[in-house]
Amino acid sequence: MSNTVNTENHAHEGPQDEGKRDFIFIATGAAAAVGAASLAWPLVNQMGPAADTLAAGSIEIDLGKVEEGQQLKMLWRGKPVFVRHRTPEEIAKAEAEDAADLKDPATDNSRLVPMPDGKLNPKYLVMVGVCTHFGCVPVGEAGEFDGWYCPCHGSHYDTSGRIRKGPAPTNLEVPPYTYVNDTTIKVG
Ligand code: FES
């Protein structure tokens, strides 16, 4: 499985996830581009109203900064948003399991947003990084379906963010977003 980098969020990670790493970037304001600064999620969580205000509105994300196999984690309206640059293997797996017995049926394509030319770009999966059970932050590249795993009560999501096993009732939410151009999305 591909690598992720630079996580500082281990608050909800189980032993199997030690060493897993991913990026977290904080929006500097409404419609702000992704900056170079990175902060730990637990720190962000304690930043108070000012941080919440800054994280409100919309954020633009330069997809070019997310290398294949990496996950960007943004704060948007007080919630983490995952931007996963999926590997060809992850995409193939997600598409191959469209017809599986899904608790919350959805094709992989239905969880994507078209680019300006109307085509889908399955490389990038954008989701709210909040478990749909009781709100923990799932760990990437983990679980029985190699997607995301929520160690709080054991929910397993696949490489499309669909719930596959465990108590979570629905798939990881896809936030409202659009492509500004082929390499930039605007969330919110
Ligand atoms: S909060 Fe994720 S499984 Fe319960």
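Trainee: Over which residues does pLDDT stay under 50?

Mentor: Begin with the ground rules: this is a predicted model, in which local features need pLDDT of at least 70, side-chain atom pairs count only at pLDDT 80 or more, and totals for chains, interfaces and linings use all residues. Residues are numbered from 1 along each chain as its sequence is written, and side-chain values use heavy atoms, with hydrogens and water left out. The score pLDDT is the predictor's confidence in each residue, from 0 to 100. Where pLDDT is low, the predicted coordinates should not be read in detail. Here pLDDT stays under 50 over residues 1-53, for which the model has 112 contacts beyond four places in sequence, a contact meaning heavy atoms within 4.5 Å. The chain averages a pLDDT of 80, and 70% of the residues score at least 70.

Trainee: Which cysteines does the disulfide join?

Mentor: A disulfide is a pair of cysteine sulfur atoms within 2.5 Å. The structure holds 1 disulfide, and it joins Cys136 to Cys152 with an S to S distance of 1.9 Å. Cys136 lies in the loop between strand S5 (124-128) and strand S6 (139-142), and Cys152 in the loop between strand S7 (147-150) and strand S8 (155-157), so the pair ties together parts that are 16 residues apart in sequence. Strands (E, at least two residues) and helices (H or I, at least four) are DSSP runs, numbered from the N terminus.

Trainee: Is Cys136 buried or exposed?

Mentor: Buried means under 20% relative accessible area, exposed over 50%, and partly exposed in between, with a 1.4 Å probe and protein chains only. Cys136, at 12% relative accessibility, counts as buried, whereas Cys152, at 29%, counts as partly exposed.

Trainee: Where is Arg86 found, and which side chain does a polar contact of 2.9 Å join to that of Arg86?

Mentor: A polar contact is a pair of N or O atoms within 3.5 Å; within protein, one must be able to donate a hydrogen and the other to accept it, and residues adjacent in sequence count only if both atoms are side-chain atoms. Arg86 is found in the loop between strand S4 (79-85) and helix H3 (88-96), and at 1% relative accessibility Arg86 counts as buried. The side chain of Arg86 is joined to that of Asp108 by a polar contact of 2.9 Å, and the Arg86 side chain also reaches the backbone oxygen of Thr159 at 3.0 Å.
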